[in-house]
Amino acid sequence: MSNETVFVKILDKEYQVACPREERQALLESAQLLDERMKAIRGTGAVIGLERIAVMAALNLSHELLQAKTAGNTVGGAASHSDLLRLNGKLDRALSNTGD
């Protein structure tokens, strides 16, 4: 698999993420979802600081993923569920490499 550098913007900050070409669109969609969640959390005013907002968004997304797994809701099939798990791991790694 050939990796390419993808630039994503999350909470008005740009990040470089390396990913296989065939996963580019999934990464962009994941980044967009994360950006929306983080903006919603920031908009409440209850959580301050980029790191805290990121952790709250990650916890919320992880909770939803676990609920879907427990309920047997695999979002269109087993392959989609494994894709979500894989992307969740990638997002965790990308966020831990930001240095914030």
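Modeller: Start with Arg 42, which forms a salt bridge with Asp 12, their closest N and O atoms lying 3.7 Å apart. This pair ties together distant parts of the chain, since Arg 42 sits in helix H1 and Asp 12 in the loop between E1 and E2, 30 residues apart. Keep in mind that this is a predicted model.

Colleague: What's the general idea behind such pairs?

Modeller: Side chains of opposite charge can pair when their charged atoms come close.

Colleague: And is Asp 12 buried or exposed?

Modeller: Asp 12 has 52% relative accessibility, so it counts as exposed, the cut-off being over 50%. Arg 42 is partly exposed, with a relative accessible area of 38%.

Colleague: How many salt bridges does a search of the whole structure find?

Modeller: The search gives 5. One of them joins Glu 4 to Arg 21, with 3.8 Å between the closest N and O atoms. Here too distant parts of the chain are linked: Glu 4 is in strand E1, while Arg 21 is in the loop between E2 and H1, 17 residues apart. Glu 4 and Arg 21 also belong to a salt-bridge network with Arg 24.

Colleague: What about Lys 39, which residue does it form a salt bridge with?

Modeller: Its partner is Asp 35, and the closest N and O atoms are 3.3 Å apart. Both residues lie in helix H1, 4 residues apart, about one turn of the helix. Lys 39 is partly exposed at 35% relative accessibility, whereas Asp 35, at 12%, counts as buried.

Colleague: Now the strands. How do I read those?

Modeller: In a regular strand the side chains alternate between the two faces of the sheet. In this model, E1 and E2 run antiparallel and are joined by 8 bridges. Val 6, for instance, has Val 17 in E2 as its bridge partner. The two strands form a hairpin with 2 residues between them, and Leu 11 in the turn has a positive phi of about 50 degrees.

Colleague: Which residues touch the most other members of the largest nonpolar core?

Modeller: Val 8, Ile 10, Leu 27, Leu 34, Met 38 and Ile 53 do, out of 17 residues in that core. Strands E1 and E2 and helices H1 and H2 each supply at least two core residues, with H1 giving the most, 5 residues.

Colleague: What does Ile 10 touch, leaving out residues up to four places away in sequence?

Modeller: Tyr 15, Ala 31, Leu 34, Asp 35 and Met 38.

Note on methods. Residues numbered from 1 in each chain as written. Predicted model: local features only at pLDDT ≥ 70, side-chain atom pairs only at ≥ 80, totals over all residues. Heavy atoms only, no water. Core = buried A, V, L, I, M, F, W, Y, C linked by side-chain atoms within 4.5 Å. Buried < 20%, exposed > 50% of the residue type's maximum accessible area, 1.4 Å probe, protein only. Contact = heavy atoms within 4.5 Å. Pairing = 2+ DSSP bridges. Salt bridge = Lys/Arg side-chain N within 4 Å of Asp/Glu carboxyl O.
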